[in-house]
Amino acid sequence: THGGRRNSSPFSADARPCFDFGDDERRFFDYYLKGVDTSGFGGEEPVHYFTMGEELWKSADRWPPASVTGVRRYFLSDHHALLTDFDSSSDVEVDEYVVDPRTSSGYVSRWNLIQHVLLLSVSYPDRASQGKASLLYTSRPLDTLLVVTGAVRVRVFIEAVDATDLVVFAYLEDANPLDGSVRYVTEGRLRVSHRFFNETGRRSFRRADWRPVSGVEEVEFELEPVSYRFDVGHGVQLALAGADGENFDLKGFDLARKWKLHRGG
């Protein structure tokens, strides 16, 4: 978590941090401020990351690591499925969604980690109940282990039915069909009126760059970087929602309560 005070991996039974954060800070300042390198800090690779599920710290000279090979693509399909193959000859289909303001990533989530609400550590409970109020797409059970490392990119074609703007909250999840549990992996969000990139390839989020949502819009955004292992038999799941009621107050904004998600074709 923020500050390295607790281990938030859902696979760990021990919440204590698995490395000495203060010692790492000391090594950093010794090297860059004092010019002292008694621990080999200068020879280490610049990127260190933790793979949940494997419960291993790893290092690399870049992000994403050069060891990450290949990109796995999933496509939205019938019956709320995520498929790795895309049929370009299929007809365009529409999934309709009504926003439920009660959907949330949870009160004791990363959004409140600075305040350390009620002195509780950041945690994400079973998200199975959130699926009832979200738009879900789930892959077939995996035949082999899948390790996702990097920033997952979501690309959808979306239509606001009853307003000129909407907010999309997207969650990558680990669905276990054996017990019905759903684990949070990572998340991302975008106010669709700020969907356009500027000349630097980034979104400015300035009022001057606000554009109304009109018709079917192509929207692309990244989820927070992560490294996570999906076990054999589990499903990769994408959950889409229009609110995070315990963390974002969206009252006063003219946001669509009804969506149409276009897929196929």
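The structure is a predicted model, in which local features need pLDDT of at least 70 and side-chain atom pairs count only at pLDDT 80 or more, while totals for chains, interfaces and linings use all residues. Residues are numbered from 1 along each chain as its sequence is written, and side-chain values use heavy atoms, with hydrogens and water left out.

One of the aromatic pairs joins Trp111 and Phe248; the pair is edge-to-face because the ring centres are 4.9 Å apart and the planes stand at 80 degrees. This pair links distant parts of the chain, 137 residues apart: Trp111 belongs to the loop between strand S5 (93-98) and strand S6 (135-139), and Phe248 to the loop between strand S13 (235-241) and strand S14 (258-263). Helices (H or I, at least four residues) and strands (E, at least two) are DSSP runs, numbered from the N terminus. Trp111 has a relative accessible area of 28% and is therefore partly exposed, and Phe248, at 27%, is also partly exposed; buried means under 20% relative accessible area, exposed over 50% and partly exposed in between (1.4 Å probe, protein chains only). Arg110 lies over the face of Trp111, at 4.2 Å from the ring centre. In a further contact of this kind, the charged end of Arg183 sits over the ring of Phe11, 4.2 Å from its centre. The criterion for a charge over a ring is NZ of Lys or CZ of Arg within 6 Å of the ring centre and within 35 degrees of the ring normal.

Ring pairs also link Phe28, Phe29, Tyr31, Tyr32 and Phe41 into a cluster. Phe28, Phe29, Tyr31 and Tyr32, together with Leu33, form a nonpolar patch on the surface with about 540 Å² of accessible area. Patches are made of residues with over 30% relative accessible area and no salt bridge, like charges being joined within 9 Å and nonpolar side chains (Val, Leu, Ile, Met, Phe, Trp, Tyr) within 5 Å. Accessible areas come from the Shrake-Rupley method with a 1.4 Å probe, and for residues only the protein chains shown count as cover. Phe28 is located in helix H1 (residues 21-34) and is partly exposed, at a relative accessible area of 36%.

The structure holds 22 salt bridges, each being a side-chain nitrogen of Lys or Arg within 4 Å of a carboxyl oxygen of Asp or Glu. Arg263 and Asp78 meet through their side chains in one of these, at 2.8 Å from N to O. The two residues are 185 apart in the chain, with Arg263 in strand S14 and Asp78 in the loop between strand S3 (75-77) and strand S4 (81-83). Arg263 is buried, with a relative accessible area of 11%, whereas Asp78 is partly exposed at 38%. Lys58 forms a salt bridge with Glu54, the closest N and O atoms being 2.6 Å apart; Lys58 is partly exposed at 25% relative accessible area, and Glu54 is partly exposed at 26%. Arg62 and Asp61 are joined by a salt bridge of 3.2 Å, N to O. Asp23, Arg26, Asp30 and Lys34 are linked in a network of salt bridges.

The largest nonpolar core contains 38 residues, of which Leu166, Phe230, Leu240 and Trp259 touch the most other members. A second, separate core has six residues, including Val167, Tyr171, Ala239 and Leu255. A nonpolar core is a set of buried Ala, Val, Leu, Ile, Met, Phe, Trp, Tyr and Cys residues joined through side-chain atoms within 4.5 Å.

Backbone features were also examined. A cis peptide bond, with omega of about -5 degrees, joins Trp63 and Pro64, and Pro64 is placed in the loop between strand S2 (56-60) and S3. Glu55, a residue other than glycine, has a positive phi near 60 degrees; Glu55 lies in the loop between strand S1 (47-51) and S2 and is partly exposed, with a relative accessible area of 27%. Phe205, likewise not a glycine, has a positive phi of about 60 degrees and is found in the loop between strand S10 (182-191) and strand S11 (216-222).

Definitions and conventions: Phe/Tyr/Trp six-rings, centres within 6.5 Å; stacked < 30°, edge-to-face > 60°.
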